[in-house]
Amino acid sequence: MDVLKFSSVPLHFTAKLNKSRFLKQCLQVNLLPSLPSSSISRYSRRFKLRASVSSTISTEEFEFASPFEVEAESERRVDERFDWYAQWYPIMPICDLDKRVPHGKTVMGIDVVVWWDKNESAWKVFEDLCPHRLAPLSEGRIDQWGRLQCVYHGWCFNGSGDCKFIPQAPPDGPPVHTSKRACVAVYPSIVQNDILWFWPNSDPQYKDILVKKNPPYIPELDDPSYTKLISNRDLPYGYEVLTENLMDPAHVPYAHYGIMGRQQPNNREKADREGGKPIEIFIKDLDAYGFISNQELGNSQFFAPCVFYTSFSLRSKKRTPKHQDNGALLSAENNAEAPNTSQRKAMLVFMCIPVSPGRSRLIFVSLRNFAIGIDRIIPRWVFHVGQNLILDSDLYLLHVEERKILDVGPSNWQKACFVPTKSDAKVVAFRRWLNKYSDGHVDWRGKFSGILPPSPPKEQLMDRYWSHVVNCSSCNGAYKGLNTLEVVLQVISIALLGVFAATNQSLVSGTARIVMVAMAVLCFAASKWLSHFIYKNFHFHDYNHALR
């Protein structure tokens, strides 16, 4: 059961706060060990984490000083900016892409069509636009020759974006299909870590961009000693809110109360029902490429703009003297003894994808190097049911919060939000990164007016079918299978009642007739229960915090 909980929820570990050392630790950054091999190179800079917090500080002092202020101690160009269009972006896990059909996706406000080119045995990413009359190619099909066909007028394109066939062009006429104007824009793409990535610029100069720059690579995702569960979900709030929420461990016992497995403090430590407590988080190396953070038993890294992961070791019963193990910094609180965590390791990888203002996509990967066999027994959709419940439990909060932030202005986030504790360190670091290198928001290059889409009814806002089920091969298959089973149960129920009514009492014993009626009632009841289960887990499940 613990493995099921781990696989379906993001875990956050909290550290006990030692008040006697609080000020000293706030005024310096702990020396972090080297991160796993999945880290990428970054410019050599030194940063200092300062906290204007003391046991006697007044509320007014917080109005003039940020609780966490990261200062660069080395040179940095004043005009250094983050180029949102010179980065690799994940689109979808390949396990959720059907090779038989084209898929329409939006990333960074760019509409793309993803399709499988069987002639080159590779996934292709095109602009979702037919050059003929601008119809979406994602509504097309893949013909018998493996070409992408626009179903509006039948134009066909190969994996290089060249038009290979125009049905309306006379065969003995000029070869109009060879015109450059008949070609489709092709984006560089690559499959890495079982995720399809693309470069958001179709200019020919970026055709070989892989030679110069690769997507962030996490070797554990390809390590056969780890088992991994991949999920994706489209969300009705923006990239900024999604990313900062995933970096916030302090909200977990409250926003996800009752649905997430977490280590509860003892009754002496608990200050409320949920058991929230201080969390020590340290930030290091904040620059244009992201930052590193550390807390008890694990460390995290943010690779701008999309990848945020946390790696940690799980506690075991065996206790050994304090030591550093595989780059995990053990808390100074446990100076007497520390857990032997050399065997049981896990990672949570989040890929936060900007779609458009007020829209984002999350690709979530959970990895562990223990209890591997369970994932071969339990289907992936069972874990997704729990993961979707977690996302739904704070979805409405974040949707409304984003609109409040827009009212005050994203660049004024730190003035509007009161963040006095170290549990918010990663959130503050992300917002500081966003303000320093991108004016507090994603660069949409004028594609949007800055107005968020209107808020739909809650049932539509939290709908799982269109935001996840249709995009997940496992959940989509389960949805179809369970609906079929529901119909079969209803048919069996009606058939049994029909047999009961048509059967002569003298030919069938009374016991047999009672059994038939009982089976009919049970099948009908099971179909109604299954209908409720399908709706609650594949369509809409409200989460009432007041009644949890």
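This briefing walks through the sheets, helix packing, cores and backbone details of the structure above. The model is predicted, so local features need pLDDT of at least 70 and side-chain atom pairs count only at pLDDT 80 or more, while totals for chains, interfaces and linings use all residues. Residues are numbered from 1 along each chain as its sequence is written, and side-chain values use heavy atoms, with hydrogens and water left out. Helices (H or I, at least four residues) and strands (E, at least two) are DSSP runs, numbered from the N terminus.

**The seven-stranded sheet**

- An open sheet of 7 strands runs in the order β14-β22-β21-β18-β17-β16-β15, with antiparallel pairing; two strands pair if DSSP finds at least two bridges between them.
- β14 (227-235) and β15 (282-287) are the edge strands, each with a single partner, so one side of each has no neighbour in the sheet.
- From one strand to the next, the twist averages 10°; axes are lines fitted to C-alpha atoms, for helices over the stretch in contact, and angles run from 0 to 180 degrees between N-to-C directions.
- Within this sheet, β18 (residues 307-313) and β21 (residues 345-356) run antiparallel and are joined by 7 bridges, and Thr310 stands opposite Leu348 in β21.
- Helix α10 (residues 425-438) lies across β15, β16 (290-295), β17 (298-303) and β18, at about 15° to β15.
- Ser356 also belongs to β21. Its relative accessibility is 15%, so Ser356 counts as buried (buried means under 20% relative accessible area, exposed over 50%, partly exposed in between, with a 1.4 Å probe and protein chains only).
- Beyond its neighbours within four places in sequence, Ser356 is in contact with Trp444 and Phe448, where contact means heavy atoms within 4.5 Å.

- A second open sheet has 4 strands in the order β7-β8-β9-β10, and its pairing is antiparallel.
- Its edge strands are β7 (141-142) and β10 (163-165), which each pair on one side only.
- β9 (residues 156-157) pairs with β10 over 2 bridges in the antiparallel sense, and the bridge partner of Cys156 in β10 is Phe165.
- β12 (residues 189-192) and β13 (residues 195-198) are joined in the antiparallel sense by 4 bridges; Ser189 has Phe198 in β13 as its bridge partner.
- These two strands, β12 and β13, form a hairpin with 2 residues between them, and Asn193 in the turn has a positive phi of about 55°.

**Helix α7 and its partners**

- α7 (residues 380-393) packs against α8 (residues 395-408) at an angle of about 40°, with the axes 4 Å apart.
- Leu391, Asp392 and Ser393 of α7 and Leu395, Tyr396 and Leu397 of α8 make that contact. By class, the residues of the α7 and α8 contact are 4 nonpolar, 1 polar and 1 charged (Ala, Val, Leu, Ile, Met, Phe, Trp, Tyr, Cys and Pro count as nonpolar, Asp, Glu, Lys and Arg as charged, and the others, Gly among them, as polar).
- The axes of α7 and α12 (residues 473-502) come within 8 Å and cross at roughly 100°. That makes α7 roughly perpendicular to α12, a label for angles of 65 to 115 degrees.
- Arg380, Trp381 and His384 in α7 meet Ser473, Ser474, Cys475, Ala478 and Leu482 in α12; the contact of α7 with α12 has 4 nonpolar, 3 polar and 1 charged residues.

**Nonpolar cores**

- The largest nonpolar core has 82 residues, of which Trp84, Phe302, Val349, Leu362 and Trp433 touch the most other members. Such a core is a set of buried Ala, Val, Leu, Ile, Met, Phe, Trp, Tyr and Cys residues joined through side-chain atoms within 4.5 Å.
- A second, separate core of 15 residues includes Phe126, Cys150, Phe157 and Cys163.

**Backbone details worth a look**

- Most residues other than glycine have a negative phi, and most peptide bonds are trans.
- The peptide bond from Ala304 to Pro305 is cis, with omega near 0°, and Pro305 lies in the loop between β17 and β18.
- Leu134 has a positive phi near 65° and is exposed, with a relative accessible area of 55%.
- Ala371 has a positive phi of about 50° and lies in the loop between β22 (359-368) and α6 (374-377).

How values were computed. Parallel < 35°, antiparallel > 145°, perpendicular 65-115°, else oblique.
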